[in-house]
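Please read the sequence and look at the structure shown below. The paragraphs after it go through some of the features one at a time.

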Amino acid sequence: YGNLDFGTVKGFTVQYDLRRIQNAELRLAYTLQFADGTGSDANSQRGLTTRGNIRTLFPLNFDERHNIQAIFDYRFDSGKRYNGPRIGGVDILANFGINLQLSAVSGRPYTARQRPDRFGGTGTLGSINGSRLPWRLNLDLRMDKTFVFGTGTRNPLSLNVYLRVANLLDTKNVLG
């Protein structure tokens, strides 16, 4: 079958990068975008009208107006550049780092129904994709430490041990 739908995505991103100062590094990005069109997929306008193809723009299913991404990295170097705590003359946090990643995204649009059913619903409330899901927030953590064996040899061996925690705050985001 033929499909005459179209979509347009417009937006911009502002990004700030703080290069490593001492032990800390930071990256922030904010994106504002508008994804509008006559249909999100080949079947999204199916059955809406019997009078032909109507060219009314609606937010597309994947429209995320606001997107905030942040990465904070804090780590200790080794050797002469080490500036962390020492216990008994040992650099206990040498080659150790912590990384936090934050993602906050505004809710995607959906079409509210008067009576929700398992595979759809009846009676549209408002316009198509006229309602929004709540914001989604996610925070991930990674801690790692690198151990170097054979530092005085020609080919030292490195072992990186890490702990990764996805969804650190145990946020229950609404996805649909």
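Does Tyr74 count as buried, exposed or partly exposed, and at what relative accessibility? Tyr74 counts as partly exposed because its relative accessibility is 36%; buried means under 20% relative accessible area, exposed over 50%, and partly exposed in between, with a 1.4 Å probe and protein chains only. This is a predicted model, in which local features need pLDDT of at least 70 and side-chain atom pairs count only at pLDDT 80 or more, while totals for chains, interfaces and linings use all residues. Residues are numbered from 1 along each chain as its sequence is written, and side-chain values use heavy atoms, with hydrogens and water left out.

Next come the aromatic rings. A pair of aromatic rings is described by the distance of the centres and the angle of the planes. Rings of Phe, Tyr and Trp (its six-membered ring) pair if their centres lie within 6.5 Å; planes under 30 degrees apart count as stacked, over 60 as edge-to-face and the rest as tilted. Three aromatic pairs are found in a search of the whole structure. One of them joins Tyr74 and Phe76, which is edge-to-face because the planes stand at 85 degrees, with the ring centres 5.5 Å apart. Phe76 also pairs with Tyr82, and here the arrangement is tilted, at 6.0 Å centre to centre and 50 degrees between the planes. Phe76 has a relative accessible area of 13%, so Phe76 is buried. Tyr82 is buried too, at 5%. Together, Phe72, Tyr74, Phe76 and Tyr82 form one aromatic cluster.

Strands (E, at least two residues) are DSSP runs, numbered from the N terminus, and two of them pair if DSSP finds at least two bridges between them. Strand S4 (66–75) runs antiparallel to strand S7 (residues 96–105), and nine bridges join them. Phe72 stands opposite Leu100 in S7. On to the next partner: S7 and strand S12 (residues 136–149) are antiparallel and joined by 10 bridges. There, Leu102 stands opposite Leu139 in S12.

The last stop is a loop. Glu64 lies between strand S3 (58–59) and strand S4, in the loop that links them. With a relative accessible area of 12%, Glu64 is buried. Its side chain makes a polar contact of 2.8 Å with the side chain of Arg136; a polar contact is a pair of N or O atoms within 3.5 Å, and within protein, one must be able to donate a hydrogen and the other to accept it, while residues adjacent in sequence count only if both atoms are side-chain atoms.

Notes. Helices (H or I, at least four residues) and strands (E, at least two) are DSSP runs, numbered from the N terminus.
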